[in-house]
Amino acid sequence: MELTKFSHACVRLEDGDRRLVIDPGSFSEVEEALAGVHAVLITHEHADHVDVDALSAAAARDSALRVWAPPAVCDLLPALGDRVTSLEPGAQLEVAGFEVRTLGGQHALIHSSVPVVPNIGFVVDGALYHPGDAFVVPPVEVSTVLVPVHAPWSKVGEVLDFLIATRAAHAYNIHDGLLNQSGLRLVAGHLHRVGEAYGAEYRTLSPRETVPL
């Protein structure tokens, strides 16, 4: 299986004829990420994780496109009709030939004045974990974790604790669209140092970079 990182929180998984995109949001190269892909997972309703207009346009061009997402996201995509499947935490399903397990349920708290929305993390093929906007630790061992390195709802210490808690052997960056290069290098330095101490190899991926899993 190969992982391609796009800007911010969007990733694409490929394994032969199996292709899957997670979180094609407004900070990402949505059209490029979805090229040749018929299956999309979305963690939650915030625009940086789902670009409703771009995804609706992609679905209009491709009648085979299917989306799996929390109910609030499904409500944003009425034009897709039954091509959108509602998800809840604790489900196990097959998407585009991948085995998917759903975790979590709630977006991390930003502030008491900001409403909390549903958020679903995805474990794919028992190997890769995309948490969306939360630090929910998977109850199963995964070999690769995608780490939200910066967000309005987090601090660096929480990012490091999440990396430690997952015990994954490999870690890559997501949710980095609000950081400049100086900030990204600073957080990456901490993740590399702490990850190494706990047996995790952390690596910063650039947009459009692909790595084997």
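This is a predicted model: local features need pLDDT of at least 70, side-chain atom pairs count only at pLDDT 80 or more; totals for chains, interfaces and linings use all residues.
A cavity here is a set of points, on a 1 Å grid over the protein atoms alone, where a 1.4 Å probe fits but cannot get out, and a residue belongs to the lining if it has an atom within 4 Å of a point. Grid points are joined across faces, edges and corners, and the volume is the space filled by probe spheres set on the points. Searching the whole structure turns up one cavity of 30 Å³ or more, and the largest cavity comes out at about 40 Å³. Its lining is made up of His-46, His-107, Ala-108, Leu-109, Ile-110, Val-114, Pro-115 and Val-116.

Next, the rings. The structure holds three aromatic pairs, a pair being two rings of Phe, Tyr or Trp (its six-membered ring) with centres within 6.5 Å, called stacked if the planes are under 30 degrees apart, edge-to-face if over 60 and tilted for the rest. One of the pairs joins Phe-135 and Phe-162, which are tilted, with 5.2 Å centre to centre and 35° between the planes. Phe-135 sits in the loop between strand E10 (128-130) and strand E11 (144-148), and Phe-162 in helix H4 (residues 156-166), so this pair ties together parts that are 27 residues apart in sequence. Helices (H or I, at least four residues) and strands (E, at least two) are DSSP runs, numbered from the N terminus. As for solvent, Phe-162 is buried at a relative accessible area of 2%, whereas Phe-135 is partly exposed at 23%; buried means under 20% relative accessible area, exposed over 50% and partly exposed in between (1.4 Å probe, protein chains only). Both rings also belong to one aromatic cluster, formed by Tyr-129, Phe-135, Trp-153 and Phe-162. Elsewhere, the charged end of Arg-18 sits over the ring of Phe-98, 4.2 Å from its centre; the criterion is NZ of Lys or CZ of Arg within 6 Å of the ring centre and within 35 degrees of the ring normal.

On to the cysteines. The structure holds zero disulfides, with a disulfide taken as a pair of cysteine sulfur atoms within 2.5 Å. For Cys-10, the nearest cysteine sulfur is that of Cys-74, 18 Å away. Cys-10 counts as buried at 0% relative accessibility. Cys-74 is likewise in no disulfide, its nearest cysteine sulfur being that of Cys-10, and Cys-74 counts as buried at 15%.

Then there is the backbone. Most residues other than glycine have a negative phi. Asp-125, though not a glycine, has a positive phi of about 55°. Asp-125 is found in the loop between strand E9 (120-124) and E10 and is partly exposed at 29% relative accessibility. Arg-208 is not a glycine either, and has a positive phi of about 80°. This arginine is placed in the loop between strand E13 (201-203) and strand E14 (210-212), and at 47% relative accessibility Arg-208 counts as partly exposed.

Leu-55, in helix H2 (residues 52-61), is buried at 0% relative accessibility, and its C-alpha is 9.6 Å from that of Leu-80, 25 residues apart along the chain. Gly-105 lies in the loop between strand E8 (98-104) and E9 and is partly exposed at 30%; 10.0 Å separates its C-alpha from that of Leu-87, 18 residues apart along the chain. Arg-66, in strand E5 (residues 66-69), is partly exposed at 33%, with 21 Å between its C-alpha and that of Leu-128, 62 residues apart along the chain. Ala-168, in the loop between H4 and strand E12 (170-174), counts as buried at 1%, and 29 Å separates its C-alpha from that of Asp-51, 117 residues apart along the chain.

Key: Residues are numbered from 1 along each chain as its sequence is written. Side-chain values use heavy atoms; hydrogens and water are left out. On a 1 Å grid over the protein atoms alone, a cavity is a set of points where a 1.4 Å probe fits but cannot get out, and a pocket is an open set with protein on both sides within 12 Å along at least five of seven lines; lining residues have an atom within 4 Å of a point.
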